[in-house]
Amino acid sequence: MSGPVLTRTVAELRSELTRLVAERDAHSVGLVPTMGALHQGHAALMRAARADAPVVCASLFVNPLQFESPLDLELYPRDLDADMALFGSEGVDLVFAPEVEEMYPSYPDSPIVRVSSGHMGQILEGASRPGHFDGVATVVSKLFNIFDPEGPARLRAYFGQKDAQQLMIVRRLVADLDFPVTIVPVPTQREESGLAMSSRNLLLTESHRQAATALSEALFALRDRAAAGEDWNLAALRRQVRDADEVILDYLEVVDPGTLLPTSRTPALALIAAYVGGVRLIDNIEIPGP
Ligand code: AMP
């Protein structure tokens, strides 16, 4: 079996996409946007796309616009060969892996026109990473335009619930700017330890990887307390995470899943962010209603 077609420019991508859609008489195209350093979380998105769409595409682009720290951008893990192998084994047809100048011709200057993620992009992750979600909204808008299959085929884009705030902002982006794209959420994939899979886990030492389970443990405890009808005692859980070795808590919040504003009611979403060995990790869990 031949592997996915690798394209580097928008023109190449569009021409291959048009060819594949026509060849398969495809009614829909699945798109999995990624920043590479792929793992089984990404694979779950690809499998969901494969199950729905006759043509499956992925993008691989470490988007500088969503990194507020140049060091974080530089250290972000990259491995094109391993990524192409995983795309191939998950049946991805077409990969778009542009150089940064292809996406942003004025780079390192920012593009003049960017997409604002509004107030939703300024809280939680956005409060600690100013500009991050505007960078996400801008690159996702570009990808939706680049992958627009035109004609009768519809674009479906797959996003992980692991990045819950990002998923919400992408949904708002589609609604507010009328992108003809269906957003499909995919549940968070976890290691056996409970740790949410992430490309950034590659940057953790073994002891940091163990310490990082403090994040999911706090979320599971919250969910279990809520399910048992107990007070979820956020302050005590925050203390517990702060007391874990090598973990620096940024936030642990329970929010309304529609507004991302703090709530004491269910259904809710619990979100956590912390640095473990200097690596920023995020996770979240849904807290079902009564
Ligand atoms: P990234 O490459 O980190 O930008 O992630 C690309 C996509 O994969 C995003 O939609 C993420 O939410 C999703 N993703 C990352 N990790 C996971 C995970 N552990 N489970 C499910 N989806 C994930």
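Tutor: The discussion that follows takes up the nonpolar cores and then the cavities.

Tutor: This is a predicted model, in which local features need pLDDT of at least 70, side-chain atom pairs count only at pLDDT 80 or more, and totals for chains, interfaces and linings use all residues. Residues are numbered from 1 along each chain as its sequence is written, and side-chain values use heavy atoms, with hydrogens and water left out.

Student: What makes a set of residues a nonpolar core?

Tutor: The members must be buried Ala, Val, Leu, Ile, Met, Phe, Trp, Tyr or Cys residues, joined through side-chain atoms within 4.5 Å. Buried means under 20% relative accessible area, with over 50% called exposed and the range in between partly exposed (1.4 Å probe, protein chains only). The largest such core here has 49 residues, and Phe-144, Phe-147 and Ile-183 touch the most other members. Its largest share, 8 residues, is from helix H7 (residues 132-146); helices are DSSP runs of H or I with at least four residues, strands are runs of E with at least two, and both are numbered from the N terminus.

Student: Which residues does Ile-183 touch?

Tutor: Leaving aside residues up to four places away in sequence, Ile-183 touches Phe-144, Ala-157, Phe-159, Leu-167, Val-170, Arg-171 and Val-174. Contact means heavy atoms within 4.5 Å.

Student: What makes a space a cavity?

Tutor: On a 1 Å grid over the protein atoms alone, a cavity is a set of points where a 1.4 Å probe fits but cannot get out, and its lining residues have an atom within 4 Å of a point. The structure holds 2 cavities of 30 Å³ or more. The largest cavity has a volume of about 850 Å³, where volume is the space filled by probe spheres set on the points, and points are joined across faces, edges and corners.

Student: Which residues lie nearest the centre of the largest cavity?

Tutor: Of its 47 lining residues, these are Met-35, Tyr-76, Lys-162, Asp-163 and Gln-166. H7 gives the largest share of this lining, 6 residues. Both domain 1 and domain 2 give residues to the lining, so the largest cavity lies between them.

Student: What is known of the second largest cavity?

Tutor: The second largest cavity has a volume of about 70 Å³, and its lining includes Lys-162, Leu-281 and Asp-283.

How values were computed
1 Å grid on protein atoms, 1.4 Å probe; cavity = no way out; pocket = protein on both sides within 12 Å on 5 of 7 lines; lining within 4 Å. Domains from an automatic or database assignment.
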